[in-house]
Amino acid sequence: MNSYFLNLLLLMCLNLAACKQADPEPAILTPADESSTTKTYLALGDSYTIGQSVPEADQWGRQLVGLLRAEGVEVSDPVTIARTGWTTSELAAAIKSADLKATFDLVTLLIGVNNQYRGQSLANYRTEFNELLQTSIRLAKRNPQHVLVLSIPDWGATPYGRGQNRQQITAEIDAFNAAAKDLSEQAGVTFINITPLTREAVSDLTYVASDGLHYSGKMHREWALRALPKAKEILK
């Protein structure tokens, strides 16, 4: 009898451990309830949006909210759909899975570095990015002027990029960004070029996070400052 209960207890513990291992990290961060006069913000992306290797408060989207509030704009904390490693197709699947019922006063989109990193084609990126762009517009109350696209950072300029073919990485990042810019402009969406800022990391390591690949809160602030004028115009 004792052996039976011991085996049963062991089985229960193993099942509990398996459940914990299968539990994914949250991809969607939902703000507290806000008043009806408070503007809403949806941030879509990958590691650069989720703020890989930096404190949550240093995420560029949260820093943007802080800057907006300092300018007198009432805006909620961002609802964030992002995860490290996501490509355009994975972000699209996550948005669909989230089944968002609400629309937002501001939507930002920063995606594509993992398409480039994994060697996916530019043609595939154009197609999937355009679909995400249309989704972003729909979630921005069908107003393309309320969507901001940020360009893909050049990870080749980070310490992680040493020993890699930096010239090839830069050329591919530039091609992906040219496609994103073209599609954004066709859709009437503002495209903000932050890529030159990220290339400063090659000579200034204060822009780099502790993992040597992602960017520090200092760099995230630079992105937020670039987005601030247009975001303020949208939300005023």
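Trainee: Which residues of helix α4 are buried, and where do they lie around the axis?

Mentor: In this predicted model, α4 spans residues 88-98, and its buried residues are Thr 88, Leu 91, Ala 94 and Ile 95. They cover an arc of only 125° around the axis, which places them on the same side of α4. Lys 96 and Ser 97 are exposed and sit on the face turned away from that buried side.

Trainee: Against which elements do the buried residues of α4 pack, and what follows the helix?

Mentor: They pack against the strands β2 (41-45), β3 (79-82) and β4 (106-110), and also against the helices α5 (113-117) and α6 (122-139). After α4 comes Asp 99, whose phi is positive, near 50°.

Trainee: With which strand does β4 pair, and what is the bridge partner of Leu 109 in β5?

Mentor: β4 pairs with β5 in the parallel sense, over three bridges. The partner of Leu 109 is Val 149. β5 also pairs with β6 (residues 190-192), again parallel and over three bridges. There, Leu 148 stands opposite Thr 190 of β6.

Trainee: Where is Phe 129 placed, and which residues does Phe 129 touch?

Mentor: Phe 129 is in helix α6. Its relative accessibility is 1%, so Phe 129 counts as buried. Not counting residues up to four places away in sequence, Phe 129 touches Thr 88, Leu 109, Ile 111, Val 149, Ala 180, Leu 183 and Ser 184. Phe 129 and Phe 176 are 47 residues apart in sequence, with a C-alpha to C-alpha distance of 9.9 Å.

Trainee: How is an aromatic pair described, and how many does the structure hold?

Mentor: The description rests on the distance of the ring centres and the angle of the planes. The structure holds seven aromatic pairs. In one of them, the rings of Tyr 125 and Phe 129 have centres 5.4 Å apart and planes at 35°, so the pair is tilted. Tyr 125 and Phe 129 are about one helical turn apart because they are separated by four residues in α6. Both Tyr 125 and Phe 129 are buried. An edge-to-face pair is formed by Tyr 215 and Trp 223, at 5.5 Å centre to centre and 65° between the planes. Tyr 215 and Trp 223 are both buried, and together with Tyr 48 they form one aromatic cluster.

Trainee: What is the mean pLDDT of the protein, and where does pLDDT stay under 50?

Mentor: Where pLDDT is low, the predicted coordinates should not be read in detail. The mean here is 89, and 85% of the residues reach 70 or more. Over residues 1-26, pLDDT stays under 50, and the model has three contacts beyond four places in sequence for them.

Technical notes:
Residues are numbered from 1 along each chain as its sequence is written. This is a predicted model: local features need pLDDT of at least 70, side-chain atom pairs count only at pLDDT 80 or more; totals for chains, interfaces and linings use all residues. Side-chain values use heavy atoms; hydrogens and water are left out. Buried means under 20% relative accessible area, exposed over 50%, partly exposed in between (1.4 Å probe, protein chains only). Helices (H or I, at least four residues) and strands (E, at least two) are DSSP runs, numbered from the N terminus. The arc is that of the directions from the helix axis to the C-beta atoms. Contact means heavy atoms within 4.5 Å. Two strands pair if DSSP finds at least two bridges between them. pLDDT is the predictor's confidence in each residue, from 0 to 100. Rings of Phe, Tyr and Trp (its six-membered ring) pair if their centres lie within 6.5 Å; planes under 30 degrees apart count as stacked, over 60 as edge-to-face and the rest as tilted.
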